[in-house]
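Please view the sequence and the model together while reading.

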Amino acid sequence: MNPWSFLLGAYLLAAVGLLLYLVSVSRRTRAMAEQVAALKRRMKETAR
Amino acid sequence: MSGRRVERALGLLAAVGLAIGLCIGFLYAPPDAEQGEVQRIMYLHVPLILVSYLAFFVVFVTSILYLARRRERHDAIAHSSAEIGVLFTALAIAAGSIWGRPTWGTWWTWDARLTSTAILLLIFVGYLMLRALVDDPSRGATVCAVLGIIGFLDIPIIHMSVVWWRTLHQPASILRPGPPTVAPQMQVALYANLAAFALLYAYLLFKRVRLEQARWELSRLRMEVAG
């Protein structure tokens, strides 16, 4: 068995997993911040 | 320093640390006398599992603090740390499984260490599912704080499993009484990667807590709108 294919598999899997998680957190944070900003805007407009 | 700056500094430090750890693991540390090159997976597997223990320890402490003081911040840290802990545990199990195939001749075995780690993963996947299922954030936080405290109790069982039962998994090499059983150059690689993954955890935690705080704010605003 070629050890380098196992090494590559393990490290690549970890890199992809961590990267996807990072992208997921960034996207969710942006979406949440947009929702908060939209709601605040709507509340301000309603108050007026 | 503002929170964002700390987050950016941690991200940079983690990226540099991971690059250095990778170089030390592949260029400085020698191949294992028995396992050969494939042993280098340990510079990924061991830091991932040790940092996941740290993540669940943070869940344990902040869950106790949340139950005692009912502060949103403690719950945000617990929830965020649990999610990162699940990711790190899943990756540690996957890396261990990839190492196990050429070393043990199998991807998986129902060994006490492996089984108790799989149980830990399932407990915290359940924790995250429970979070998603409960609509009221404060109720979800209370129920999950209790689960987070109970779930953490699996970690001493995982750690001691190689002592209490006869297992295929080797005994602890670092977190053990007495000096580590690993060669000095390999220890350097392990500690460098451990430090890099701890920095990565801190960076992800900062980022994830910001999301959780935005979620609490949104829920508060929605309640205000609803009257």
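## A pair of helices in chain B

Helix α4 (residues 112-133) of chain B and helix α5 (residues 137-152) of chain B have axes that come within 10 Å and cross at roughly 175°. Axes are lines fitted to C-alpha atoms, for helices over the stretch in contact, with angles running from 0 to 180 degrees between N-to-C directions. Helices are DSSP runs of H or I with at least four residues, strands are runs of E with at least two, and both are numbered from the N terminus. The crossing angle therefore makes α4(B) roughly antiparallel to α5(B), a term for angles over 145 degrees.

On the α4(B) side, the contact is made by B:Ile123, B:Phe124, B:Tyr127, B:Leu130 and B:Arg131; α5(B) contributes B:Gly140, B:Val143, B:Cys144, B:Leu147, B:Gly148 and B:Gly151. Contact requires C-beta atoms, placed from the backbone, to lie within 7 Å.

## Basis of the model

The model is predicted: local features need pLDDT of at least 70, side-chain atom pairs count only at pLDDT 80 or more, and totals for chains, interfaces and linings use all residues. Residues are numbered from 1 along each chain as its sequence is written, while chains are lettered from A and ligands numbered from 1 in the order in which they are written.

## Helix α4 and its surroundings

From its first C-alpha to its last, α4(B) reaches 31 Å with 22 residues. This is close to the 32 Å expected at 1.5 Å a residue, where the expected span is 1.5 Å times one less than the number of residues.

The buried residues of α4(B) include B:Arg113, B:Leu120 and B:Tyr127; a buried residue has 20 or more other C-beta atoms within 10 Å of its own. The buried residues of this helix pack against α3 (72-104), α5 and α6 (154-164) of chain B.

Chain A comes to 1 helix and 0 strands, and its C-alpha trace spans about 70 × 10 × 5 Å along its principal axes. Of its 48 residues, 10% count as buried. In all, 22 residues of chain A are in contact with 24 residues of chain B.

The largest nonpolar core has 61 residues, a core being a set of buried Ala, Val, Leu, Ile, Met, Phe, Trp, Tyr and Cys residues joined through C-beta atoms within 7 Å. Among those with the most contacts inside this core are A:Ala10 and B:Ala95. Leaving aside neighbours within four places in sequence, B:Ala95 is in contact with A:Ala10, A:Ala14, B:Ile41, B:Leu44, B:His45 and B:Leu48.

Notes
Parallel < 35°, antiparallel > 145°, perpendicular 65-115°, else oblique. Contact = placed C-beta atoms within 7 Å. Buried ≥ 20, exposed ≤ 12 C-beta atoms within 10 Å, placed from the backbone.
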